[in-house]
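Please examine the sequence and the structure below before reading on.

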Amino acid sequence: MLPFRRVLFPVDYSEPCRAVVPYVREVLQRYSAELTVVHAYGAEALAMSHLPLSDPGLPGEAHEFELQRLRDFAAEMFPGQRVDAWTHVGEAGSVIHALVQHQGTDLVMLPTHGRGPVRRFLLGSVTTKVLHDVSAAVWTGTGSAIAEHTPSLPYKSILCALSEGPEAEAVLKAAAALAASYGAQLELLHVTPPPPITAEMDLGPYLEAMTDAAQSQMRELKSKLAVDAPHAVLTGVISATVREEALRRKADLLVTGRGLAQGALSRLWSHLYPLVRESPCPVLSI
């Protein structure tokens, strides 16, 4: 995965999208990466192109309109940078997925938009699809985590949230490489969710056993990968506990695994979506 060589930046011209630009610039400069910007469009492009719906040249004209608009955006946001610009008709998540497969993208960078009356419980549909379908690393965050989070670039503090699953090794490798590249402080965190509580249950021995097992796993993993970084094992609701620790440690970036996000039951069982939704800083998921 690292170093990042091909970066894909989906563009929707929103304020959160523009807020991502400094982070994209940083990755391009640090890794001498290539940049592709992509914009997926549909019916909204027809109104902006000012073409009558009966115009037989509409598809081609609309495409040229959108492509020029995207090129202008790239020239404004990334002056002096060579940028490949792609525009496609279709649902944004599907367009991004297809382009990642076509180009062999290493990293997708985009904000998330949760809309509607239940937006606080959801990620934007595009981000959800990208996290679920795309095999590349994904850098994302809510509008507030990006637009309202003063960019600390280069990153100085990276928090790596590790699970007990088989992906932990790959996630820690990536986090350690990223921290080394940026000269950032790396801290590791494992959160054990509390068990269902019953009146007869004595939680003390259970929590002690779970904590001891997680501590042992963290020590073994750090030793295996020769990673010298402090770690903590906590018990609590995973997304809320990670958020509290990210705030306490003033993290500039949260690195975590994709977990079950690419499995059949991801939308029901993955912890990734609430982690992204509640994180006070951008999240890089591996």
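The largest pocket of this predicted model has a volume of about 630 Å³. A pocket is found on a 1 Å grid over the protein atoms alone, as an open set of points with protein on both sides within 12 Å along at least five of seven lines; a cavity, by contrast, is a set of points where a 1.4 Å probe fits but cannot get out, and lining residues have an atom within 4 Å of a point. The grid points are joined across faces, edges and corners, and a volume is the space filled by probe spheres set on the points. Rolling a probe the size of a water molecule over the atoms shows where empty space is left.

At least two lining residues come from each of helix 7, strand 7 (185–192), helix 8 (203–225), helix 9 (238–248) and helix 11 (272–278). Helix 8 gives the largest share, 5 residues. Helices (H or I, at least four residues) and strands (E, at least two) are DSSP runs, numbered from the N terminus. By class, the lining of the largest pocket has 17 nonpolar, 10 polar and 3 charged residues. In this division Ala, Val, Leu, Ile, Met, Phe, Trp, Tyr, Cys and Pro count as nonpolar, Asp, Glu, Lys and Arg as charged, and the others, Gly among them, as polar.

Some conventions apply throughout. Residues are numbered from 1 along each chain as its sequence is written. Because the model is predicted, local features need pLDDT of at least 70 and side-chain atom pairs count only at pLDDT 80 or more, while totals for chains, interfaces and linings use all residues; side-chain values use heavy atoms, with hydrogens and water left out.

The protein has 11 helices and 10 strands. Of its 286 residues, 48% count as buried, where buried means under 20% relative accessible area, exposed over 50%, and partly exposed in between (1.4 Å probe, protein chains only). Among contacts (heavy atoms within 4.5 Å) with a separation of 6 or more, 77% join residues 24 or more positions apart.

The protein has 2 cavities of 30 Å³ or more. The largest cavity holds about 50 Å³ of space. Its lining consists of F4, V27, L107, W139, Y155, L178, Y182, L253 and L284, which divide into 9 nonpolar, no polar and no charged residues. The second largest cavity holds about 40 Å³, and R6, V7, L8, E34, L35, T36, D84, Q103 and T105 line it. Strand 1 (6–10) and strand 2 (34–41) each give two or more residues to this lining. The lining of the second largest cavity has 3 nonpolar, 3 polar and 3 charged residues.

How do two of the helices meet, and at what angle do helix 1 and helix 7 pack? Helix 1 (residues 15–31) and helix 7 (residues 168–182) pack at about 80°, with their axes 12 Å apart. The axes are lines fitted to C-alpha atoms, for helices over the stretch in contact, and angles run from 0 to 180 degrees between N-to-C directions. The two helices are therefore roughly perpendicular to each other; angles of 65 to 115 degrees count as roughly perpendicular, under 35 as roughly parallel, over 145 as roughly antiparallel and the rest as oblique. On helix 1 the contact is made by E26, V27, R30 and Y31, and on helix 7 by L178, S181 and Y182. This contact has 4 nonpolar, 1 polar and 2 charged residues. V27, L178 and Y182 also belong to the lining of the largest cavity.

Finally, single residues may be considered. Y41 lies in strand 2 and counts as buried because its relative accessibility is 5%. The C-alpha atoms of Y41 and G90 are separated by 6.1 Å, although these residues are 49 residues apart along the chain. Q185, in strand 7, is partly exposed, with a relative accessible area of 42%. Not counting residues up to four places away in sequence, Q185 touches K156, S157, I158 and P230.

A226 lies in the loop between helix 8 and strand 8 (231–235). Its phi is near 55°, a positive value in a residue other than glycine, and at 69% relative accessibility A226 counts as exposed.
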